[in-house]
Amino acid sequence: MAIPDYETLMRPILQLHADNQEHARSVIVTKVAEIFQLTEAELAETLPKSKRRLIDDRVHWAILYMVKAVLLVRTGRGITQITDRGHTVLAQYPSALNDSILLQFPEFKEFKQRNRGSLENTVPDPTAEVDNHAPAALQTFRENLERTRAFVYGGNRLKELGVTAFDVDELFRGAWIQAVAYHEQWVKQEIVDRAVAIAEDSTRPRPAKFQKLKISVAQFEKIHHDRQSIAKIFRAHLEDHFGRESFLRPSQIKEGFAHVSSIDLWQEVASIRSAGVAGDAAVKVPELHARLNEIAERRNQIAHAADHDPQSAGRLLPISGEDVLDVIDWLDANAVAIVQAIDGHHA
């Protein structure tokens, strides 16, 4: 049989959690394969233009959506456990689950509204191992995000334990700032790495903005007369140049990547994140811009205004571990889509 879609997998996976124990995603995949009697050939199927197994992707989405609907809760990396709501839903829906059922829960409805375009096959599994073949900057970024996720999981655990010695929400605010900082640093490193690669290979097309990059006479002489490595000199120059730039906003990110690619960046990213999705469900460029601006603005609110609620003196804006995990997942997906967009086109 064909591998079931993520909605078909929801209830069987939730049922596997009915014992109230913690369950690892890798074990769930194995049990799902047994339940649906999937063949070795079916288990080996991968997503288009990806090394990721289709079964892993489908299980990921089934779990993620049930976490967002609070039927399951994350207790660690790739580990989930059933909630009281999950038990209630098992009893109420003995046959199947789907998105329409989950939309009765405000947490899931809000998640869907905030993350249009982050649908099946469009966002990388945040619990998956980093692809060793990914560009170095992207791999480092995703490893950094994993540490931030672990930080958030720890905060969630402290919440569960009822810790009151300090405000656990401050951990979540710190993680929000950290995730945004990692994303901005990745943008800078990705641009530098790609610009150096272009400089070293005379056969590669040069985008218009790349042609306008300048180096000093001293740097030119180091390369031309002293025979120093162009990669070393140019990299140092670019790291200094872009290190002074900000890459928090969509326009800044687009301008930065224009030095190494001539594509219509956000249009291509929207197309990638809408893969397999049609009509009104497809993500639009303004939605990408709005979400990225929202993430940046909250980062600034935390960093520069201590996250005080401007509408209520003396109070802080609410924040939760799930809010931060949503941000981490979105930024992760954004970076992957940018790399895919640039790698899928010549400058």
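The side chain of aspartate 309 reaches the backbone nitrogen of glutamine 311 at 2.9 Å. This is a polar contact (a pair of N or O atoms within 3.5 Å; within protein, one must be able to donate a hydrogen and the other to accept it, and residues adjacent in sequence count only if both atoms are side-chain atoms). The model is predicted: local features need pLDDT of at least 70, side-chain atom pairs count only at pLDDT 80 or more, and totals for chains, interfaces and linings use all residues. Residues are numbered from 1 along each chain as its sequence is written, and side-chain values use heavy atoms, with hydrogens and water left out.

Aspartate 309 sits in the loop between helix H15 (285-305) and helix H16 (321-343). Helices (H or I, at least four residues) and strands (E, at least two) are DSSP runs, numbered from the N terminus. Aspartate 309 is buried, yet has no salt bridge. Buried means under 20% relative accessible area, exposed means over 50%, and partly exposed lies in between (1.4 Å probe, protein chains only). A salt bridge requires a side-chain nitrogen of Lys or Arg within 4 Å of a carboxyl oxygen of Asp or Glu. The nearest side chain of opposite charge, arginine 315, is 5.8 Å away. For charge, Lys and Arg count as positive and Asp and Glu as negative; His and the chain ends are not counted. Leaving aside residues up to four places away in sequence, aspartate 309 touches Arg315, Leu316 and Leu317. Contact here means heavy atoms within 4.5 Å.

The loop between H15 and H16 also holds alanine 306. Its phi is near 55 degrees, a positive value in a residue other than glycine. Most residues other than glycine have a negative phi. Alanine 306 counts as partly exposed, at 43% relative accessibility. Asparagine 20 also has a positive phi, near 70 degrees. Asparagine 20 lies in the loop between H1 and E1. With a relative accessible area of 41%, asparagine 20 is partly exposed.

Of its 347 residues, 48% count as buried. Among contacts between residues at least 6 apart in sequence, 71% join residues at least 24 apart. Arginine 157 belongs to helix H8 (residues 136-160). Arginine 157 is partly exposed, with a relative accessible area of 47%.

The three strands form an open sheet in the order E1-E3-E2, with antiparallel pairing. Strand E1 (23-24) and strand E2 (72-76) stand at the edges, each with a single partner strand, so one side of each is left without a neighbour in the sheet. Two strands pair if DSSP finds at least two bridges between them. E1 is joined to strand E3 (residues 79-82) by two bridges. Histidine 23 has threonine 80 in E3 as its bridge partner. Alanine 24 stands opposite isoleucine 79 in E3. E2 and E3 pair over four bridges, again in the antiparallel sense. Here glycine 76 stands opposite isoleucine 79. E3 has two faces: Thr80 and Ile82 form the covered one, Ile79 and Gln81 the uncovered one.

Helix H2 (residues 25-35) has Arg25, Ile28, Val29, Val32 and Ala33 as its buried residues. They cover an arc of only 140 degrees around the axis, which puts them on the same side of H2. The arc is that of the directions from the helix axis to the C-beta atoms. Ser26 and Glu34, on the other side of H2, are exposed. The buried residues of H2 pack against helix H1 (6-16), E1, helix H3 (40-43), helix H4 (54-68) and E3.

Helix H13 (residues 250-257) buries Pro250, Ile253, Gly256 and Phe257. These residues cover an arc of only 130 degrees around the axis, so they lie on the same side of H13. The buried residues of H13 pack against helix H9 (169-200), helix H14 (265-273), H15 and H16.
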